[in-house]
Amino acid sequence: MPLCYAAEIYSRFRQLRSAAIGVNGINADASSGAQVAQLLAVADKRLAATREGEFAEIKAWRRAFSELGLKPTQYRCASESLLRRYRKSGELPTLHPLIDLCNAASLAFAIPVAVFDIDQISGALTVRPAIGNEFYETFSGETEHPEPGEVIFADDAGRAHARRWSHRQSGWSAVKQSTSGVLIVTEALHETAQGDVERLIITLTNAISQIWPAAMQTDIKRF
């Protein structure tokens, strides 16, 4: 599994729990509509009871972002951003059957889910503070450099595949129509993170088995 965490991430955020899985053999021709609908129903129920800002999962990420010097209302974790957009629009954009599935799971569990095209990653992917000389490609094709100390997902070539931890993914390794192999990572910081991350990754692996029966999944790696 080409994923690891720098020791300083664990020492600073001891409550962090995460899981990752690699999947080969996906394609854009499948339909994830049934699984997405089930997950959105869960999100609808949660949002009907309270806004996403009151979720324990979201509050934990806000605290972490504040500790990193980021304004929680300016830089939101991926799941909070999704929940806000979904609450306001009432719909989830259709992008790719796997991305739609992972976005719906993120909505249901209020936990960030990152999906990387594994063929675009050089060597291992490490979650670590940035040095500042790494390069990051936006979805529009522009190149940026993360701020020193910013938490990034960096590969062995010095490419940042995500900025500000779970806030912003790179267009370089985003899932495309031609993608066949992916690395899925989910992370949480709240009190019941370990059990919730486990339920989330199992939900995803079961759904992937239904949608892409021929896909090969690696063993789940837990952190």
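Ala 110 lies in the loop between helix 5 and strand 3, where helices (H or I, at least four residues) and strands (E, at least two) are DSSP runs numbered from the N terminus. The phi of Ala 110 is near 60°, a positive value in a residue other than glycine. Ala 110 counts as buried because its relative accessibility is 0%; buried means under 20% relative accessible area, exposed over 50%, and partly exposed in between (1.4 Å probe, protein chains only). This is a predicted model, in which local features need pLDDT of at least 70 and side-chain atom pairs count only at pLDDT 80 or more, while totals for chains, interfaces and linings use all residues. Residues are numbered from 1 along each chain as its sequence is written, and side-chain values use heavy atoms, with hydrogens and water left out.

**Other loop residues**

- Trp 165 sits in the loop between strand 8 (160-163) and strand 9.
- Trp 165 is not a glycine, yet has a positive phi of about 60°.
- With a relative accessible area of 1%, Trp 165 is buried.
- Pro 146 is found in the loop between strand 6 (143-144) and strand 7, and counts as buried at 3% relative accessibility.
- Leaving aside residues up to four places away in sequence, Pro 146 touches Ala 130, Gly 132, Glu 134, Ile 152 and Arg 163; contact means heavy atoms within 4.5 Å.
- From C-alpha to C-alpha, Pro 146 and Ser 11 are 22 Å apart in space, and they are 135 residues apart in sequence.

- Five strands form an open sheet with mixed pairing, in the order 1-4-7-8-9; two strands pair if DSSP finds at least two bridges between them.
- Strand 1 (3-5) and strand 9 (168-169) are the edge strands, as each pairs on one side only.
- Strand 4 (residues 125-129) and strand 7 (residues 151-154) run antiparallel and are joined by four bridges.
- Across these strands, Val 127 stands opposite Phe 153 in strand 7, and Pro 129 stands opposite Val 151 in strand 7.
- Strand 7 and strand 8 pair in the antiparallel sense over two bridges.
- Here Phe 153 stands opposite Ala 162 in strand 8, and Ala 154 stands opposite Ala 160 in strand 8.
- Strand 8 and strand 9 also pair in the antiparallel sense over two bridges, with Ala 162 opposite Gln 169 in strand 9.

**Side chains and turns of the sheet**

- In a regular strand the side chains alternate between the two faces of the sheet.
- In strand 7, Val 151 and Phe 153 point one way and Ile 152 and Ala 154 the other way, and all are buried.
- The hairpin of strand 7 and strand 8 has five residues between the strands, and in this hairpin Gly 158 takes a positive phi near 85°.
- The hairpin of strand 8 and strand 9 has four residues between the strands, and in this hairpin Arg 164 takes a positive phi near 50°.

**Helix 2**

- Helix 2 (residues 33-49) has 17 residues and reaches 25 Å from its first C-alpha to its last, close to the 24 Å expected at 1.5 Å a residue; the expected span is 1.5 Å times one less than the number of residues.
- The buried residues of helix 2 are Gln 35, Val 36, Leu 39, Leu 40, Ala 43 and Leu 47.
- These residues are on the same side of helix 2 because they cover an arc of only 125° around the axis; the arc is that of the directions from the helix axis to the C-beta atoms.
- Ala 34, Gln 38, Lys 45, Ala 48 and Ala 49 are exposed on the other side of helix 2.
- Helix 4 (78-89), helix 5 (97-109) and helix 6 (193-211) are what the buried residues of helix 2 pack against.

**The largest pocket**

- The largest pocket has a volume of about 780 Å³; a volume is the space filled by probe spheres set on grid points, which are joined across faces, edges and corners.
- A pocket, on a 1 Å grid over the protein atoms alone, is an open set of points where a 1.4 Å probe fits, with protein on both sides within 12 Å along at least five of seven lines, and lining residues have an atom within 4 Å of a point.
- Of the 31 residues that line the largest pocket, Arg 85, Ile 99, Asn 103, Phe 139 and Gln 169 are the closest to its centre.
- Helix 4 gives the largest share of the lining, six residues.
- Helix 4, helix 5, strand 3 (113-117), strand 9 and strand 10 (181-188) each supply at least two residues of the lining.
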